[in-house]
Amino acid sequence: MTDTASVPESRSDTRFFGQPLALANLFGVEMWERFSFYGMQGILIYYLYYSVAEGGLGISNAAATSIVGAYGGTVYLSTILGGWIADRLLGSERTLFYSAILIMFGHIALALLPGFVGVGVGLVLVAVGSGGLKATATSIVGDLYDEKDQRRDAGFSIFYMGINIGALVGPLLTGFLQVRYGFHWGFGLAAIGMFLGLLQYTLYRKHLGDIGKVPPNPLPTESRMRVGGIALAALVLVGILASTRIISANSLSDIVVTLTVIAAITYFVVILSSKNITSVERSRVLSFIPMFVASAVFWSLFQQQFTMVAVYADTRLNRDLFGWEFPPSWVQSINPVFIIAFAGVFAAVWTKLGPRQPSSPIKFAAGTIIMGIAFLCFIPMAGGGANSAPLLGLVGILLLFTFAELLLSPVGLSLTTKLAPKSFHTQMVALFYLSVALGSAMAGTLAGFYDETNEVPYYLWIGGASIAVGVALAVGSPWIKKLMHGVN
């Protein structure tokens, strides 16, 4: 029999800044996971395209941005797998634990294995592990609250602040080690960070009570062999395609975009056609479709921090700081600084407004519009020579990135848990992350069109498209709200 006392206690608990104490453990493990993730990703693109003499692998910029975009997309695409395992096999809590172990071993592979072997093994392990951890951690945070608990959005904003503490410190330390001692030292530090997160989570798992212990829709025993066979066949197929060079570095992001679109459509069809959801739940899933599109557009711009903006920081940005040129990877820590500064402000505003706060569709629309404006702000700095763009200009643009992110990302996580049908709880969170996967992979594909000698058309098309999608979502928000059936 389930220990029902532990769950209500967590939902009425206010010991962690007015939130349940269990949020502190999830805050911590996600902080360390983001420390390792962004610490590694902050130096990854440079490891790929820097010359062998500089400690890198010496591939082209186009191939490097494609790999980084594909990797970022695969991380979020893997949330499908993580969500399915949580809902059908292990439950959210154990899936999170084993995912953290995979991440740690992925960073160890990057640190210890040479060349493309380390990149291949390491990125696959980190991508699959991060996908499993992200989907389950978000789902468990949502389970700490009742559906009508007004603390939910504030709780997710605090959780999001923990994410960004790790995202702030990770690139600073790995970037420093990379410049001072080499890339593999930076990757090694990422592995240590994930180990600390795993240790902390293990010590404080008991505070979660029974949340996430049991899969809500367990897979029948007789179906497990068939599922295992399908998984093995998929791995063999990927191996064949890679060995015959049908899958190449330059096409990776395009492949992930295609797979993500197929996966998203399939997921929506499976959930909407399921006999295990009610008519209200079906309507709520339908309401999420336009916000899924807006989210994908938003992330295709935002995730260019690791593709186009990363190259921009290396080649176009003036990185002179009082006579010292700081590592280009440090630019990745600017956005987390702003997140830490403003996440609490946004959380306080949503708490203060309560039921009077803007609806989720309006928040999504505002975030998408601001993201488009941020790209238009690159235009005044266009046309300069190498390392000519002012640092304050990029800082201002990344501040707009931050405002857009806080309007959409933590709100999207919270909204997904509220719209999710009971039988597809964690998998609905994975569906939100599919929009991030699509955007992340698109960030790699779009970066291939960036031309340093003719920048303005790129910024105009990208920024204008994002603004147009945001305006369309705002116009359609009354219809979307009706489909949400009381969820705000």
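Is glutamine 303 buried or exposed?

1. In this predicted model, glutamine 303 is buried, because its relative accessible area is 6% and the cut-off for a buried residue is under 20%. The residue lies in the loop that runs between α10 (279-302) and α11 (308-315). When its neighbours within four places in sequence are left aside, glutamine 303 is in contact with Tyr76, Ser440 and Ala443.

2. The largest nonpolar core has 136 residues, and within it Met308, Phe375 and Phe378 touch the most other members. Helix α2 gives the most to this core, with 15 residues. Residues up to four places away in sequence not being counted, methionine 308 touches Phe375 and Phe378 as well as Ala447, Tyr450, Tyr458 and Tyr459. As general background, nonpolar side chains tend to be buried together in soluble globular proteins.

3. Helix α2 (residues 22-49) packs with helix α4 (residues 92-112) at an angle of about 25°, and the two axes are 11 Å apart. Because angles under 35 degrees count as roughly parallel, α2 is roughly parallel to α4. The crossing of these two helices, α2 and α4, is left-handed.

4. As to which residues form that contact, Leu26, Val29, Glu33, Ser36, Phe37 and Met40 in α2 meet Leu96, Ile103, His107 and Leu110 in α4. Sorted by class, the contact of α2 with α4 has seven nonpolar, two polar and one charged residues.

5. Helix α4 also packs with helix α5 (residues 115-143), where the axes come within 7 Å and cross at roughly 155°. Since angles over 145 degrees count as roughly antiparallel, α4 and α5 are therefore roughly antiparallel to each other. The crossing of α4 and α5 is left-handed, and by class their contact has 16 nonpolar, 12 polar and one charged residues.

Technical notes. Residues are numbered from 1 along each chain as its sequence is written. This is a predicted model: local features need pLDDT of at least 70, side-chain atom pairs count only at pLDDT 80 or more; totals for chains, interfaces and linings use all residues. Side-chain values use heavy atoms; hydrogens and water are left out. Axes are lines fitted to C-alpha atoms, for helices over the stretch in contact, and angles run from 0 to 180 degrees between N-to-C directions. Helices (H or I, at least four residues) and strands (E, at least two) are DSSP runs, numbered from the N terminus. Angles under 35 degrees count as roughly parallel, over 145 as roughly antiparallel, 65 to 115 as roughly perpendicular and the rest as oblique. A crossing is left-handed if the near helix is turned anticlockwise from the far one by less than a right angle, and right-handed if clockwise. Contact means heavy atoms within 4.5 Å. Ala, Val, Leu, Ile, Met, Phe, Trp, Tyr, Cys and Pro count as nonpolar, Asp, Glu, Lys and Arg as charged, and the others, Gly among them, as polar. A nonpolar core is a set of buried Ala, Val, Leu, Ile, Met, Phe, Trp, Tyr and Cys residues joined through side-chain atoms within 4.5 Å. Buried means under 20% relative accessible area, exposed over 50%, partly exposed in between (1.4 Å probe, protein chains only).
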